[in-house]
Amino acid sequence: MAIAGLFTSCNKDDKTLSPDTEHQHGKVVFNFKNHVGEQALSLQASGYNYQNANGDSFRVSAYKYYVSNVRFVNEMGVEYSVPESYYLIDQSKASSFDRTLTAIPAGNYTTVKVLLGVDSTHNVSGAQSGDLDPIHGMFWTWNTGYIMAKVEGNFKKTNGDDAGMSFHLGGFAGAYSVLREVTISLPQTLVVGNETQSTVSFKSDVLKWFGAPHTINFQQLNQVGSVGIDAANIADNYSQSLSVTSVQN
Amino acid sequence: MNITASTLRNFLLAAFGTSLLLYSCQKTKETSDEAATDPTLDNIVFETPNGWPAPVYNFEDNRLSKEGFKLGRALFFEPMLSSDNTISCGSCHQPFAAFAQIGHNISHGVADRIGIRNSPSMFNLNWHSSFFWDGHVNHIEDQPLAPITNPVEMDESMENIIKKLEQSEHYRAMFKDAFGSEEITDRKIFKAMAQFMGMLVSSNAKYDKYVRNEAGGSFAQAELDGLHTFRNKCSGCHTEPLFSDFSLRNNGLSLVLNSQGTVDLGAGSITPSDSSRYYKFKVPSLRNLKFTAPYMHDGRFTTIDEVLQHYSSGVQQTHNLDPLLTNGISLSSKEQQDLKAFLGTLDDESFVTDIRFKEPR
């Protein structure tokens with residue numbers, strides 16, 4: 001009898017939920033909208049429609065980033081981890097903006113946690129399919145791993161010339177890892193019930209890449225494409241770029 | 001000292017037992033390495049696909065072997081070949097991108113340095129008569145030296161590379177397996193790499209199955225129309241079955257300043273006093289375009305649409321413009337759509353997923 005009791009409580013420690021078909025579950029749609037400050041992000045091939053904190057005028061031609069390892073935390077502090085959650089948001093592909101997360105256990109969730117980037121394990125192993133397929137142009141090599149996020153475009157130099165800017169954030173281990181955990185308190189409780197569908201709307205702000213704590217001056221730094229201190233500094237900025245604007249139950 | 005039989009027996013057992021232990025550990029490692037590789041490497045052979053011309057390079061002076069191929073593959077993906085041990089050949093020549101680099105018009109080398117040219121795709125190299133966009137190297141065994149020593153690419157010397165490789169027991173063993181001794185020389189490094197690079201053959205696209213009348217080779221109407229248009233308008237430079245004649249030509253690209261603030265003279269940069277080679281670049285193969293955007297020597301065109309627009313309405317009358325392009329290539333919008341459909345039949349999924357060519361983990 002005591003032994004049976006032991007087994008019924010297996011893989012259910014106090015702080016995590018597993019996907020469990022005995023419980024009720026619903027869907028949560030993640031909707032991502034990319035912005036540059038208060039303006040919606042619009043990719044363009046000429047002109048400068050944005051300005052960074054340093055005062056550099058710029059335009060964006062590409063914006064792509066990974067959001068992964070999604071966890072929902074309920075009002076009791078219990079976490080549910082969405083298995084195999086890897087989403088590549090690509091400004092040039094509107095179909096990437098809406099992601100449906102299924103089989104979320106019923107509950108009232110107050111916080112969402114994500115990893116900005118691809119976790120270190122998947123940088124060195126695992127299936128490279130779907131959003132993790134290297135065909136998406138977000139993978140270097142097994143040695144150096146994924147490009148966790150990238151922004152590309154052009155800016156106006158102080159002498160008036162047009163020049164390219166390209167920031168590829170990679171590095172999954174050690175002092176210069178660009179991986180950043182983000183914990184977001186939801187503006188209202190996400191209520192998941194049996195076969196319900198809710199939407200959590202995210203905002204990703206390109207301006208945050210260049211503002212604080214490290215103000216980026218394009219005139220001095222316009223190119224990051226390898227693991228190192230520059231990528232790590234921008235990742236500190238970038239870690240503040242994601243927020244939740246609304247929850248609809 | 002009196003050595004008893006039992007002492008001798010115990011001693012022999014200990015010695016023999018230890019070596020057995022060592023042998024079995026080593027064997028396990030070897031087994032797991034073997035498990036990760038493709039068994040077809042056992043009978044490694046370079047084959048000329050039916051109907052293709054004879055290759056320029058055929059391993060006559062570089063006996064192809066499984067060990068040589070594996071060493072070449074290891075070196076190709078080895079970041080120690082760069083000065084800061086971060087960049088390998090595979091960094092800019094990605095197997096899943098037909099050995100180009102996805103999403104990069106110009107690639108970065110060590111310390112985020114950039115050059116002026118797009119990383120070219122790599123396949124069917126044994127049929128190439130010259131290498132690089134400007135054709136300045138004509139032997140595959142001489143090719144790796146240029147990116148290795150280029151300060152904006154790998155910024156390393158062969159001398160340093162050899163020193164680094166010599167420190168690795170694993171590499172010394174691989175050189176021994178491939179060439180019979182642990183001695184590491186630059187000539188052996190290049191021969192091993194040529195064994196790997198030369199085996200990168202892409203000949204199983206839908207087009208190839210069509211030509212061979214095989215299952216999976218049945219063309220849709222747009223693809224057939226595209227093949228017809230292609231043969232009329234493109235095959236002067238992009239000759240079947242390799243889809244390039246590998247000659248150096250000026251295809252009328254507008255002259256723009258590169259990251260060094262100059263205009264790329266192409267083949268003319270080798271002999272700048274001879275303007276007859278200005279702006280001529282090696283005709284690239286049109287195979288595997290799905291995996292190798294962006295296009296041209298500086299990656300200026302992100303889509304095939306842009307390339308077709310260039311040929312139909314964007315050809316510039318620059319010095320040495322190829323005679324075949326004097327008036328551009330008139331292409332109706334239907335012809336452009338058909339061409340795109342046909343070019344899609346040159347994408348070889350089996351090549352970009354071939355486990356023999358993947359980066360070892």
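This is a predicted model: local features need pLDDT of at least 70, side-chain atom pairs count only at pLDDT 80 or more; totals for chains, interfaces and linings use all residues.
1. Strand pairing in chain A. Two strands pair if DSSP finds at least two bridges between them. Helices (H or I, at least four residues) and strands (E, at least two) are DSSP runs, numbered from the N terminus. On that basis, S5(A) and S7(A) pair in the antiparallel sense over 5 bridges. A:Val67 has A:Tyr87 in S7(A) as its bridge partner.

2. Residues are numbered from 1 along each chain as its sequence is written, while chains are lettered from A and ligands numbered from 1 in the order in which they are written.

3. Strand S2 of chain A. Strand S2 (residues 25-36) has several partners. With strand S8 (residues 98-105) of chain A, it pairs in the antiparallel sense over 6 bridges. There, A:Phe30 stands opposite A:Arg99. Strand S13 (residues 197-205) of chain A runs parallel to S2(A), joined by 9 bridges. In that pairing A:Val29 faces A:Thr199.

4. Strand S3 (residues 39-40) of chain A pairs with S2(A) in the antiparallel sense over 2 bridges. A:His35 has A:Ala40 as its bridge partner.

5. Burial of S7. A residue is buried if 20 or more other C-beta atoms lie within 10 Å of its own, exposed if 12 or fewer, and partly exposed in between; C-beta atoms are placed from the backbone. Strand S7 (residues 86-90) of chain A is mostly covered, with 4 of its 5 residues buried.

6. Nonpolar cores. A nonpolar core is a set of buried Ala, Val, Leu, Ile, Met, Phe, Trp, Tyr and Cys residues joined through C-beta atoms within 7 Å. The largest one has 58 residues. A:Tyr66, A:Leu116, A:Met148, A:Leu169 and A:Ile234 have the most contacts inside it. Strand S5 (residues 57-74) of chain A gives the largest share of this core, 9 residues. A second, separate core of 43 residues includes B:Leu75, B:Phe76, B:Ala98 and B:Leu200.

7. Around A:Tyr66. Two residues are in contact if their C-beta atoms, placed from the backbone, lie within 7 Å. Not counting residues up to four places away in sequence, A:Tyr66 touches residues including A:Tyr86, A:Tyr87, A:Leu88, A:Met138 and A:Met148.

8. An exposed loop residue. A:Pro213 lies in the loop between S13 and strand S14 (223-224) of chain A. A:Pro213 is exposed, because 9 other C-beta atoms lie within 10 Å. Leaving out residues up to four places away in sequence, A:Pro213 touches A:Asp236 and A:Asn237. A:Pro213 and A:Gln24 are 189 residues apart in sequence and 43 Å apart in space, C-alpha to C-alpha.

9. Chain B overall. Chain B has 13 helices and 2 strands. Of its 361 residues, 40% count as buried. Among contacts in chain B with a separation of 6 or more, residues 24 or more positions apart account for 69%.

10. Helix H2 of chain B. Helix H2 (residues 66-76) is mostly covered: 9 of its 11 residues are buried. Among them are B:Phe69, B:Lys70, B:Arg73 and B:Phe76. The buried residues of H2(B) pack against helix H3 (89-92), helix H6 (169-179) and helix H7 (186-198) of chain B.

11. Helix H12 of chain B. The buried residues of H12(B) are B:Glu335, B:Asp338, B:Leu339, B:Phe342 and B:Leu343. Seen down the helix axis, they fall within an arc of 140 degrees (taken from the directions from the axis to the C-beta atoms), so they line one face of H12(B). B:Ser333 and B:Lys334, on the other side, are exposed. Cover for the buried residues includes helix H9 (221-233), helix H10 (289-292) and helix H11 (304-314) of chain B.

12. A buried loop glycine. B:Gly266 is found in the loop between strand S1 (248-249) and strand S2 (281-282) of chain B. B:Gly266 is buried, because 24 other C-beta atoms lie within 10 Å. Its contacts, not counting residues up to four places away in sequence, include B:Trp133, B:Asp134 and B:His297.

13. The interface. 14 residues of chain A are in contact with 14 residues of chain B. The chain A side has 6 nonpolar, 8 polar and no charged residues. Here Ala, Val, Leu, Ile, Met, Phe, Trp, Tyr, Cys and Pro count as nonpolar, Asp, Glu, Lys and Arg as charged, and the others, Gly among them, as polar.
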